[in-house]
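I am opening a notebook on a structure that is new to me, and I will write down what I looked up in the order I looked it up.

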Amino acid sequence: MKKQQCNILLVDDHPLITDAYKNAFEDVRKKDGIDFDIVTAHSCDAALHILHSSSPLNTIDIVFLDIQLPPSSEENGVISGEDLGLNIRKTSPQTKIVVATTFNDHYRIHSIFESLNPDGFLIKNDVTPGELVTAISRLMNDPPYYSKTVIQSLRKYVTNDLLLDKIDRQLLYQLSLGTRMKTMSTILPLSRAAIEKRKRHLKEIFDIRSGEDRELIFKAREKGFI
């Protein structure tokens, strides 16, 4: 990305994290002489407002995106950082997405790659202040950049059977809220029979032996899908 000023959006529900990112960008500014215009968002709604407010001449160049964000309060299907990333890919394909998350499950990492194909992928427990500076410099000049755990995960074989689409994740989310089946068919673009079929398939994917939805929700939450 060869320009002397870049617009950056930092999305994380923990202000300490966004402050750490800001410090790293300041170090890159001093080292590489690049000016950054940085805005932060601590929720999906705040991030969507910033993205929708940006003009074609003032687009966001790089987004640092946490995956585990509280769902949007609006009825827009954005229930996590992953959905926010999909929204960015659709409305602003030139924006570079850097996923930064605590999830280190191989299946979850692979699923995020399949859905977002991020330009950078950082597992927060891997990242030191020095590595953050390195990651930003690489993203500016020669992306992609992946942290250690992500690289290790990419080297492992991961079955495609555990790739969940957006409807799967919305179904899991509604189950976690306790939404009744008759109500769910008015929320998801599926018939009641199709929802039941998807739920059975999800239980097979997560190797749920019982018929309990509670165990499915627990497994899905454990792996970071909700």
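I began with the contacts of Leu65 in this predicted model. Leaving out residues up to four places away in sequence, I found that Leu65 touches Val11, Gly81, Leu84, Gly85, Ile97, Val98, Val99 and Ala100.

I then looked up the largest nonpolar core, which has 26 residues, and noted that Leu65 is among those touching the most other members, together with Leu9, Val11, Val63, Leu84, Val99 and Phe121. At least two residues of this core come from each of several elements, including strand 1 (5-11), strand 3 (62-65), strand 4 (96-101) and strand 5 (120-123). Helix 2 gives the most, with five residues. Apart from this core I found another, of 21 residues, with Val28, Ile34, Ala135 and Ile136 among them.

My next entry concerns Leu139, which is found in helix 5 (residues 129-141). Is Leu139 buried or exposed? Its relative accessible area is 1%, and since buried means under 20%, I count Leu139 as buried. Beyond its neighbours within four places in sequence, Leu139 is in contact with Phe64, Lys96, Val98, Asp119, Gly120 and Tyr145.

Last, I checked helix 7 (residues 166-177), whose twelve residues should span 16 Å at 1.5 Å a residue, and the end C-alpha atoms are 17 Å apart, which agrees. At its start, a side-chain oxygen of Asp165 comes to within 3.2 Å of the backbone nitrogen of Ile167, and after helix 7 comes Gly178, with a positive phi near 85°. The buried residues of helix 7 include Leu171, Leu172 and Tyr173, and its buried residues pack against partners including helix 3 (81-91) and helix 4 (106-116).

Terms used:
Residues are numbered from 1 along each chain as its sequence is written. This is a predicted model: local features need pLDDT of at least 70, side-chain atom pairs count only at pLDDT 80 or more; totals for chains, interfaces and linings use all residues. Side-chain values use heavy atoms; hydrogens and water are left out. Helices (H or I, at least four residues) and strands (E, at least two) are DSSP runs, numbered from the N terminus. The expected span of a helix is 1.5 Å times one less than its number of residues. Buried means under 20% relative accessible area, exposed over 50%, partly exposed in between (1.4 Å probe, protein chains only). Contact means heavy atoms within 4.5 Å. A polar contact is a pair of N or O atoms within 3.5 Å; within protein, one must be able to donate a hydrogen and the other to accept it, and residues adjacent in sequence count only if both atoms are side-chain atoms. A nonpolar core is a set of buried Ala, Val, Leu, Ile, Met, Phe, Trp, Tyr and Cys residues joined through side-chain atoms within 4.5 Å.
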